[in-house]
Amino acid sequence: MKRAFVSLVRRDVALAVQVGGGGGMAVFFFFVTVALLPLGIGPNLNLLGQIAPGLLWVALLLSSLLTLDRLFQADFEDGTLDVLSMATLPLELTVVAKVLSHWLTTGLPLVVAAPFLGLLLNLSGDQFLPLVSAMLIGTPALSLMGAVGAALTVSVRRGGLLASLLVIPFYIPVLIFGVAAASSNVMPAVSTQAIALLGAVTLMSFVVGPWAAAAALRANLKT
Amino acid sequence: MNPMSHLTLTQRFHAFANPARFMALSDKLIAPFGFVTALLIGAGLWYALFNSPADYQQGESVRIMYVHVPSAWLGMMGYMIMAGASLVALVFRHPLADVCAKSAAPIGAAFCFLALVTGSLWGKPMWGTWWEWDARLTSMLILLFLYLGYIALWSTIEEPQRAGRAAAILALVGSINVPIVHYSVVWWNTLHQPASVFRADGPTIASSMLVPLLLMALGFTLFFMTLLMVRMRAEILRRRVRALQLALSEV
Amino acid sequence: MAEFFAMGGYAGYVWSAYGVTAIVIIALVLVTGLDLIAQRKQLDVLESDGARKRAPARPSGSKL
């Protein structure tokens, strides 16, 4: 069972890296969006520095939404998912494996890219560490809840947009706590509280996400 | 024996045994429910517009409350009905629960929308702005997003059984998330504006205002129930039409 | 009467709130009612269709 899990993660990561269109594309989108924002808001570095955590988080959410259809779509279309659903590995664990590889190939690269983009937005020096740690804690929740949206719409042709619309409400707590976590230079107590709450949201998503995504996949696989 | 007629017959017995009972019952209930609804809303309107005092702080604008507050209640109640019915649909596979959840969603969404619009119309004279990022308005907006996602999911998956299961899962996950979202929004709100906002429920409600409020709330609730029954009837008929079309195309 | 419609200066807000509510509620009722009528009509057509299609089949394959 453990071997099946590990090999599934390895396969998905390898596929995402080889085929492309995975993390690289999301990071590129992240970069482009962040570059776009000052053009819309104006080059005022003070203002940009103030709103940088919010901008970075929103851009990160949008970038990770873009990649949701990679989670199950291809495997659903070529029948791999049918095989996986009949394997000894419970579908819930299959979902966890897919979420893990999704996070490794999109969530993690986005978090790594975020501090560099923070430089572009004049993010103040003492906010880098709390922001990046908040993103490390929060991005798994994005992949977990994203899996629910992706699984629900897996049988819908071009379901990516619908999946994004379904998932956005579930991303709101992550956004709120994630941005607040980076406010350590103003309110240190709030920042630690926000990180703790963010962890709670991620744990909660870990409880709800795989179960709901697996149920949704079963509903969609049954013909 | 004709295989097709046999198929449709068992199909009907199997799938529509309960809905048939519902059809008979709702047929009797809709007219009296509609009548009481009209009475309650009529009386409520009379009190709300003519027979209740203006607020000493908010003046006549307080009359918006009598449509705003019941709409907000029903917007939330609609989601609870939807989530409860979805749970029953998933666990017990009761065919009516599925129909009920689907039919409740647009009504709930409409009331959610009304709560937002009337809240905005109330906020402009009271807060001086059309929109305040107040915790309750924000959660209501997110609730509307959840409703719209649910409705969109139903409309994109063609086969009703598959769509029903997917939508039920979404409604349940949503119902787990609603309190989390609400809590996070309240937390976020206190972070940014330390309780200086004018609260709509600030002045204590006088009993002369309670009468129209309760009448309207009851009227709106009964309206919700009546409309829900009518929508469920239409949905059951739609599924019969679909089943018949499929059966006929197989001949 | 004019005083009543003026709503103490809040006429625009109060009447548009009640107006929007009325419009949405009436629209809900209309959409639902029309949908019910349309489904019923379609069901009637299909059922008479089905009866006609079944009718010739019955006497020939009469193993009822």
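## Helix pair α2(B) and α3(B)

The crossing of α2(B) and α3(B) in this predicted model is left-handed (the near helix is turned anticlockwise from the far one by less than a right angle; clockwise would be right-handed). The residues that form this contact comprise 20 nonpolar, eight polar and one charged (Ala, Val, Leu, Ile, Met, Phe, Trp, Tyr, Cys and Pro count as nonpolar, Asp, Glu, Lys and Arg as charged, the others, Gly among them, as polar). The helices concerned are α2, residues 65-92 of chain B, and α3, residues 95-127 of chain B; their axes come within 7 Å and cross at roughly 155° (axes are lines fitted to C-alpha atoms, for helices over the stretch in contact, with angles from 0 to 180 degrees between N-to-C directions). That angle makes α2(B) roughly antiparallel to α3(B) (under 35 degrees is roughly parallel, over 145 roughly antiparallel, 65 to 115 roughly perpendicular, the rest oblique).

## Conventions

Local features of this predicted model need pLDDT of at least 70 and side-chain atom pairs count only at pLDDT 80 or more, whereas totals for chains, interfaces and linings use all residues. Residues are numbered from 1 along each chain as its sequence is written, and chains are lettered from A and ligands numbered from 1 in the order in which they are written.

## Further features of chain B

Chain B contains six helices and zero strands (DSSP runs of H or I, at least four residues, and of E, at least two, numbered from the N terminus). From the N terminus on, its elements follow the order α-α-α-α-α-α.

Helix α2(B) has 28 residues and reaches 40 Å from its first C-alpha to its last, close to the expected 40 Å (1.5 Å times one less than the number of residues). It also packs against α6(B), residues 207-249, at an angle of about 45° with the axes 9 Å apart, and the two helices are therefore oblique to each other. The crossing of α2(B) and α6(B) is right-handed.

R93(B) follows α2(B) and is placed in the loop between α2 and α3 of chain B. Its phi is near 55°, a positive value in a residue other than glycine. R93(B) counts as exposed because it has 12 C-beta neighbours inside 10 Å.

## Chain A

Helix α7(A), residues 128-152, should span 36 Å for its 25 residues, and its end C-alpha atoms are 36 Å apart, which agrees. The helix bends by about 30° at I137(A), and a proline, P140(A), follows within four residues (the bend is the angle between axes fitted to the seven residues ending at a residue and the seven starting there). Of the 25 residues of α7(A), 20 are buried, so the helix is largely enclosed by the rest of the structure.

N122(A) lies in the loop between α6 (91-120) and α7 of chain A. This residue, which is not glycine, has a positive phi near 60°. With 16 C-beta neighbours inside 10 Å, N122(A) is partly exposed.

V174(A) belongs to helix α8, residues 160-181 of chain A. V174(A) is buried, since 27 other C-beta atoms lie within 10 Å.

## Chain C

Chain C has two helices and zero strands. Of its 64 residues, 11% are buried.
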